[in-house]
Structures are given as C-alpha cells and as structure tokens.
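Subject: A structure for you to look through

Dear colleague,

I am passing on a structure that I would like you to read alongside my notes.

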Amino acid sequence: MEGRDARGHYEELAAEYDEHWVYGPDYIPWMSGRIAEALRLGPTDRIADIGSGTGLFAREVAKQLQPRHPILCVDPSEAMLGQLGTPPPPALTPIVASAEDIAEGRTHLPYEQLDAMWLKESVHHVADPAHTLCALVDRLAPGGRLLVVMLPATIQYPLFEAALARFEELQPDPAVIEGHLRAAGLEGGLSYVEHELRIDRDKYLGMVRARYMSLLSTFSDSEIEKGIEEMRVAHPEPVLVFPDRFAFVLGRRDGESA
C-alpha cells in the first residue's frame, strides 16, 4: 500500500479509530474540558465540531454541557460518523460534509448561525485555510467563537525520524492560522496546553502500524515497518512518556449585529 488520501485513510480506520485515540481514561475528558473552557460554551449555544470524526470530543462536551441544541458533528467520512451509533445520541447530529462544504454553504445546517465551532486537528486537511476559515467565520452569530486546536509546528512524539520530518513539512504554523482568523475580522489569540501521555510501548507501535495519525498514511507498509524497528531501538522502555502539546487558536466575532 502506498500513501492514501485523507478521506480514504479515515474510512479504513473508522472502526478502530476510538481505540487508537483514547490514550488513557483521562485524555478525552481533559481535552473536551479544555475545548469547552476556551470557547466558553453554554447550554444554549448552537455548536458545531468541524472534522468531528467519530464524535469523541463532541460526545464528551455534550456529556459535560447538556446542550439544549444538538452539537453538529460535521465530517466528510460517513464511516467515521457511523461510529456515533444508529440512531446517534440525541445530543449529537451527524452531518456528512467537509469544512469547505460548510464554509461555502454547499451543505444545509439546521442552525442559520452558530455560536461556537471548533476544528480539532483537522485544519491541516483544509486545502486553502485562509479562505475556508474566513468563510466559516461568516457562519458565526454576533459574539460567536471559533477555535482551531492543532499540534504545534514541531512535536516530541516518539515516532521514527522520517515521520517527524514529514510532520514538520506538512503541519501549518499556528501563528499563521491565528493570522487568518484576525484577517477574517475576529479578535484572535494563541495559547498552548499540554498533557502528559503514558502509553504502553507495544500499544503505541500498534497505533503507528494502524496509521493512527493521518501523516502516517503517506508511508508505505515497508516504510512503516522500518520506522517501527527504528522506534524499538530508540525506545526500549516498556512505557512511553511524552508531552502532547496543542496550540489553541481562538477567535471571537464582535458582539454587535451587522
């Protein structure tokens, strides 16, 4: 297998996606709490998770928030959204669409305007982030908030060297994303949060083999196996401990109606 496109990658990974992303029992509640706190979410907000995948974070935010309006789980992968369940929970509404579809109005949303939306580690899949983010801003109500959660330009994951190098080639700079939000008329801000990960080494190697990060889909099977052997040598310890650091790029729309 050579490199796959992002949509195909997630279609294939959907059934086991949650297994690879639930690093430990506290990770999802921690990240979901940080998202809700940064966006200052309230029960009456009309909310969208753009690039929601299986709804891991939207599900937890809904559990914490008890929203009066279902959170929109927007993702181009039907297979990923299918993991929400049939039928999905009442607090979540799946919508098969890309960020570009929402930005350009190609997909109808049940809410005319949104009070809050977040993109969790999905902005790097957007072909033209400046244009798309600006158009997403137009979907916000007065006082609406948009949060981009993304990895920084460099990471300290125990991956093989070629993967770390490719990450740096592909990953947008959070400061550039903040600039896009400011250019779209939002009051912007950039901050960082960090969470320590402790993962059994063999489990993490299995996650890499399953290509739990989309950048790993750009490597062939033989390249992945070579990389895993490199990781085994570099990390003989049975439990891998490393920081998971995220950039929170937050923008807020002026509260006055146009």
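A detail to start from is the pairing of Ile-50, whose bridge partner in strand E2 is Val-74. Please keep in mind throughout that this is a predicted model, and that every value below was computed from it.

**The chain as a whole**

The protein chain has ten helices and seven strands. Of its 258 residues, 52% are buried. If we take the contacts between residues at least 6 apart in sequence, 75% of them join residues at least 24 apart.

**The sheet**

In what order do the seven strands of the open sheet lie? The order is E3-E2-E1-E4-E5-E7-E6, and the pairing is mixed. Strand E3 (92–96) and strand E6 (187–200) stand at the edges with a single partner strand each, so one side of each has no neighbour in the sheet. On average, and with direction ignored, neighbouring strands of this sheet are turned by 20° against each other. As background, strands of a sheet pair through backbone hydrogen bonds, and they may do this either parallel or antiparallel.

The strands E4 and E5 pair in the parallel sense over six bridges. Is E4 buried or exposed? Seven of the seven residues of E4 are buried, so this strand is largely enclosed by the rest of the structure.

Helix H8 (residues 174–183) lies across strand E5 (140–150), E6 and strand E7 (239–252), and runs at about 145° to E6, whereas helix H9 (residues 201–209) lies across E6 and E7 and runs at about 125° to E6.

H8 also meets helix H6 (residues 129–137), since their axes come within 9 Å and cross at roughly 45°, which makes H6 oblique to H8. The crossing of H6 past H8 is right-handed, and the contact is made by Pro-129, Ala-130 and Leu-133 of H6 with Ile-177, His-180 and Leu-181 of H8.

Helix H2 (residues 27–39) has 13 residues and reaches 18 Å from its first C-alpha to its last, close to the 18 Å expected at 1.5 Å a residue. Its buried residues include Tyr-27, Trp-30, Ala-36 and Leu-39. After H2 comes Arg-40, whose phi is positive, near 50°.

How do H2 and helix H3 (residues 56–65) cross? Their axes come within 9 Å and cross at roughly 70°, and the two helices are therefore roughly perpendicular to each other. Among the residues that make this contact are Ile-28, Met-31 and Ile-35 of H2 and Phe-57, Val-61 and Gln-64 of H3.

**Two single residues**

Thr-107 is found in the loop between helix H5 (99–103) and strand E4 (114–120). The relative accessibility of Thr-107 is 15%, and because buried means under 20%, this residue counts as buried. Leaving aside residues up to four places away in sequence, Thr-107 touches Ile-95, Ala-97, Asp-101 and Ile-102.

Asp-254 has its place in the segment after E7, and at 44% relative accessibility it counts as partly exposed. With residues up to four places away in sequence not counted, Asp-254 touches Pro-142 and Gly-143. Asp-254 and Glu-187 are 67 residues apart in sequence, and they are 7.7 Å apart in space, C-alpha to C-alpha.

With best wishes

Terms used. Residues numbered from 1 in each chain as written. Predicted model: local features only at pLDDT ≥ 70, side-chain atom pairs only at ≥ 80, totals over all residues. Heavy atoms only, no water. Pairing = 2+ DSSP bridges. Helix = DSSP H or I, 4+ residues; strand = E, 2+ residues; numbered from the N terminus. Axes fitted to C-alpha atoms, helices over the stretch in contact; angles between N-to-C directions. Contact = heavy atoms within 4.5 Å. Expected span 1.5 Å × (residues − 1). Buried < 20%, exposed > 50% of the residue type's maximum accessible area, 1.4 Å probe, protein only. Parallel < 35°, antiparallel > 145°, perpendicular 65-115°, else oblique. Left-handed = near helix turned anticlockwise from the far one by under 90°.
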